[in-house]
Amino acid sequence: MMLIDTHSHLYAEEFDVDREEALARAREAGVERLLLPAIDGESHQRMFSLSLSHPDICTPMMGLHPTSVNDNPRWREELEQVRGYLAEPPEGIRFCAVGEIGLDYYWSSDFVEEQREAFVEQCRMAAEMDMPVAVHTRAAWDDMCSLLEQEAERARQQGRRLRGVLHAFSEDAATYERLRQSGDFIFGIGGVVTYKKSIIAETVATMSLDDIVLETDCPYLTPVPYRGKRNESSYVRYVCERVAGIKGVSAEEVARRTSDNARRMFAIE
């Protein structure tokens, strides 16, 4: 069973004591590829270092996370850095997406306009460069749906396309259907699907496997049976098994189809 973790922060400080061991555990669990979303300039070099030392399994993205816009007087400079890296990646680096970008009003509602501006700008970068986006959303789904519809239509009118993955998707079936109609979007299902009383478990029951990719978001959102502890990419197999149980198919089929979806969206060889 071969798996792809489409959202892993294995370069984060939480793995400084055992990063190589965590990577080995991922390989042993059948994880063939880890996609590494960017956060902001403070962690770029860590992400680049991991990607360069393990190019056979680690593939980075480039983007500015919405919470890195909050209370940051230099966020527009960071956006220009994102554009520069996407136009001219560091030697040996190939970015697979513009991400992690999005909207996050959970911690503060004081920077809504700044987050919206940064998100729209990065969506347009992605459309210009024909790259997918990896979209983070928290406490902002109405705005997110509206902006994705707006930007997907704008891209179509320009003969371009906006496509990508809705990372850590945990919303209801109505939101899933609305986003499906907006364009070529797939949905990252992670550890939350293993939690009791999880809305996303009900939503997954209505979803096509062709619309799903698997992720951990490690070190966050740890699945059962390790909930409460640090997450890691090897645990994506528990997400796979839970999705398989919900859909009534084998874990091998879920692994195959979700990995195929990831390869298509992110141009993974």
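**Exercise 1. The second largest pocket**

What volume does the second largest pocket have? State also which residues line it and how they divide by class.

*Solution.* The structure is a predicted model.

Step 1. The volume of the second largest pocket is about 190 Å³.

Step 2. Its lining consists of R33, S51, P55, C58, T59, P60, G92, I93, R94, A267, I268 and E269.

Step 3. Strand 3 contributes the most to this lining, namely three residues.

Step 4. Sorted by class, the lining of the second largest pocket holds six nonpolar, three polar and three charged residues.

**Exercise 2. The largest pocket**

Determine the volume of the largest pocket, the residues closest to its centre and the elements that contribute to its lining.

*Solution.* 

Step 1. The largest pocket contains about 890 Å³ of space.

Step 2. It is lined by 30 residues, of which H136, R138, D217, Y220 and L221 are the closest to the centre.

Step 3. Two or more lining residues come from each of strand 4, strand 5 and helix 7 (199–206). Strand 5 gives the most, with three residues.

Step 4. The classes in the lining of the largest pocket are 11 nonpolar, nine polar and 10 charged residues.

**Exercise 3. The surroundings of H54**

Locate H54, decide whether it is buried or exposed, and identify its contacts.

*Solution.* 

Step 1. H54 is found in the loop that runs between helix 2 (44–53) and strand 3 (58–60).

Step 2. The relative accessible area of H54 is 13%. Buried means under 20%, so H54 is classed as buried.

Step 3. Leaving aside residues up to four places away in sequence, H54 touches E20, L23 and R27.

Step 4. With one of these, E20, there is a polar contact between the two side chains, at 2.9 Å.

**Exercise 4. Helix 5**

Describe the length of helix 5, its buried residues and the elements against which they pack.

*Solution.* 

Step 1. Helix 5 covers residues 141–157, which makes 17 residues. From the first C-alpha to the last it reaches 24 Å, close to the 24 Å expected at 1.5 Å a residue.

Step 2. The buried residues of helix 5 are W141, M144, C145, L147, L148, E151, A152 and A155.

Step 3. These buried residues pack against strand 4 (98–104), strand 5 (133–138), strand 6 (163–166) and strand 7 (184–189), and also against helix 4 (112–129) and helix 6 (173–182).

Step 4. After helix 5 comes G159, with a positive phi near 75 degrees.

**Exercise 5. The enclosed cavities**

How many cavities of 30 Å³ or more does a search of the whole structure find?

*Solution.* 

Step 1. The search finds two such cavities.

Step 2. The largest cavity holds about 60 Å³ of space.

Step 3. The lining of the largest cavity divides into four nonpolar, one polar and four charged residues.

**Exercise 6. Backbone exceptions**

Which residues are joined by cis peptide bonds, and what phi values do D130 and L221 have?

*Solution.* 

Step 1. The background is that most peptide bonds are trans and most residues other than glycine have a negative phi.

Step 2. G99 and E100 are joined by a cis peptide bond with omega of about 15 degrees; E100 lies in strand 4.

Step 3. A cis peptide bond also links V224 to P225, with omega of about 20 degrees. P225 is located in the loop between strand 8 (212–214) and helix 8 (236–247).

Step 4. D130, although not a glycine, has a positive phi of about 55 degrees. This residue lies in the loop between helix 4 and strand 5 and is partly exposed at 40% relative accessibility.

Step 5. L221 is likewise not a glycine, and its phi is positive, about 50 degrees. L221 sits in the loop between strand 8 and helix 8 and is partly exposed, with a relative accessible area of 34%.

Notes. Residues are numbered from 1 along each chain as its sequence is written. This is a predicted model: local features need pLDDT of at least 70, side-chain atom pairs count only at pLDDT 80 or more; totals for chains, interfaces and linings use all residues. Side-chain values use heavy atoms; hydrogens and water are left out. Helices (H or I, at least four residues) and strands (E, at least two) are DSSP runs, numbered from the N terminus. Buried means under 20% relative accessible area, exposed over 50%, partly exposed in between (1.4 Å probe, protein chains only). A polar contact is a pair of N or O atoms within 3.5 Å; within protein, one must be able to donate a hydrogen and the other to accept it, and residues adjacent in sequence count only if both atoms are side-chain atoms. Contact means heavy atoms within 4.5 Å. The expected span of a helix is 1.5 Å times one less than its number of residues. On a 1 Å grid over the protein atoms alone, a cavity is a set of points where a 1.4 Å probe fits but cannot get out, and a pocket is an open set with protein on both sides within 12 Å along at least five of seven lines; lining residues have an atom within 4 Å of a point. Grid points are joined across faces, edges and corners, and a volume is the space filled by probe spheres set on the points. Ala, Val, Leu, Ile, Met, Phe, Trp, Tyr, Cys and Pro count as nonpolar, Asp, Glu, Lys and Arg as charged, and the others, Gly among them, as polar.
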